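I opened my notebook to look up a few things in this model. Here is what I wrote down as I went.

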Amino acid sequence: MKKINLILGACAIAAAALLVSCNNGTKDYVKVNTIYNNYTYNVTGSVTNTSKSGTTAATDVTVIKETIKTALGDVNWSDDKVNGSNYDKYSVTISGAANWTRSYTAAGATSATETKWNDGFGVEGTEVKQERVALPFGRYSPAFMTQFNNIWNSNTRDNPLSYSDYQSLPLALSLSSNYVDDATYQADSSSYPNYSSVLGGMSYNFYVEEPCINPLELTFYEFDGDYYYEINDEYVKLPEDAFDGDFGDDEFTIKFSTTNNTRKNMSQAQKDDTTYVGSSETAIELTFKLVEAE
């Protein structure tokens, strides 16, 4: 089913290498066991995630839709000419830019709250980065400095601050119970008898776990012509019309939706309550057009 026209050149080279070459009477052979297929496509389309929580009588619904502005997709699989297998595995990685729309409908609400923004195309995730917090020149309460230093001393890449905690640090510095600028202190030093001075100001580097967009990674398995999609360590059989075309074609489309029952993440009391709602659905509509070499 797979076209491998893009690697014909490599195959021809390998085939030529299998032929006997004469060099002072010696013979060189190249043995090829595995052919690796790698294709790059321009991708268009959208991914929509719908999550529901609450009860059957009062359900909160959040819909997040990504519409691709520009994205590239890498498609990879291998053909083993020696070792047999009863399936083929295809890996698809897509990254780029997208328009995002988030719609939230609270239980019992008659309309949704909608927000829009532009960001990378992919999956919402987090990454650890170093950020700097500058303490301005002034005086700080001992309690605040002790707390601040304890946070800083325990902060590592493996133990980063959450993004919201990091954002609250500069705000905490502006609170009168923690900080007073030097001019105010000089005018009313009796109100701040225990405040210590940070001469010239100081800067601290913190590891912070910040939100980011990771590339969308899809893994498919083909068993005897049937496709399965791997999600949360489970294999979901896709309908026959999920694919129009094949991996390696000049153009193909993928269109399907999957539902993930999130009840396994509930408390036992929630699991025992049959009216409790917890589910998420992902709808994927993507078109792949081969990037031609110039």
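**Aromatic pairs.** I began with a definition: rings of Phe, Tyr and Trp pair if their centres lie within 6.5 Å, and planes over 60 degrees apart count as edge-to-face. The model I am reading is predicted. I looked up how many aromatic pairs the structure holds, and the total is 31.

I picked out phenylalanine 148 and phenylalanine 206. Their rings sit 5.6 Å apart, centre to centre, with 85 degrees between the planes, so the pair is edge-to-face. Where in the chain are these two? Phenylalanine 148 belongs to helix H2 (residues 142–154), and phenylalanine 206 to strand S10 (residues 202–214). The pair links distant parts of the chain, 58 residues apart. I also checked burial: phenylalanine 148 is buried, and phenylalanine 206 is buried too.

Next I took tyrosine 221 and tyrosine 235. This pair is also edge-to-face, at 5.2 Å between centres and 80 degrees between planes. Tyrosine 221 lies in strand S11 (residues 216–223) and tyrosine 235 in strand S13 (residues 234–237), 14 residues apart. Are the two buried or exposed? Tyrosine 221 has a relative accessible area of 8%, so it counts as buried. Tyrosine 235, at 49%, counts as partly exposed.

I then noted one aromatic cluster, whose members include Tyr39, Trp77, Phe220, Tyr229 and Phe288.

**A sheet.** I turned to an open sheet of 3 strands. Their order is S8-S6-S9, and the pairing is antiparallel. Strands S8 (179–180) and S9 (196–198) stand at the edges with a single partner strand each, so one side of each has no neighbour in the sheet. Strand S6 (residues 138–140) is joined to S9 by 3 bridges. Across from tyrosine 140 I found serine 196, in S9.

I looked up the largest pocket, with a volume of about 470 Å³. Of its 26 lining residues, Val47, Asn49, Val123, Leu216 and Thr282 are the closest to the centre. Elements that give two or more residues to the lining include strand S1 (34–55), strand S5 (123–135) and strand S16 (276–290). I sorted the lining by class: 10 nonpolar, 11 polar and 5 charged.

The second largest pocket holds about 260 Å³ of space. Its lining has 13 residues, with Ser78, Asp79, Asp80, Tyr87 and Asp88 nearest the centre. Which strand gives the most to this lining? S2 does, with 5 residues. Strand S3 (88–105) supplies at least two. By class I noted 2 nonpolar, 6 polar and 5 charged residues here.

Conventions
Residues numbered from 1 in each chain as written. Predicted model: local features only at pLDDT ≥ 70, side-chain atom pairs only at ≥ 80, totals over all residues. Heavy atoms only, no water. Pairing = 2+ DSSP bridges. Helix = DSSP H or I, 4+ residues; strand = E, 2+ residues; numbered from the N terminus. Phe/Tyr/Trp six-rings, centres within 6.5 Å; stacked < 30°, edge-to-face > 60°. Buried < 20%, exposed > 50% of the residue type's maximum accessible area, 1.4 Å probe, protein only. 1 Å grid on protein atoms, 1.4 Å probe; cavity = no way out; pocket = protein on both sides within 12 Å on 5 of 7 lines; lining within 4 Å. Points joined across faces, edges and corners; volume = space filled by probe spheres on them. Nonpolar A, V, L, I, M, F, W, Y, C, P; charged D, E, K, R; others polar.
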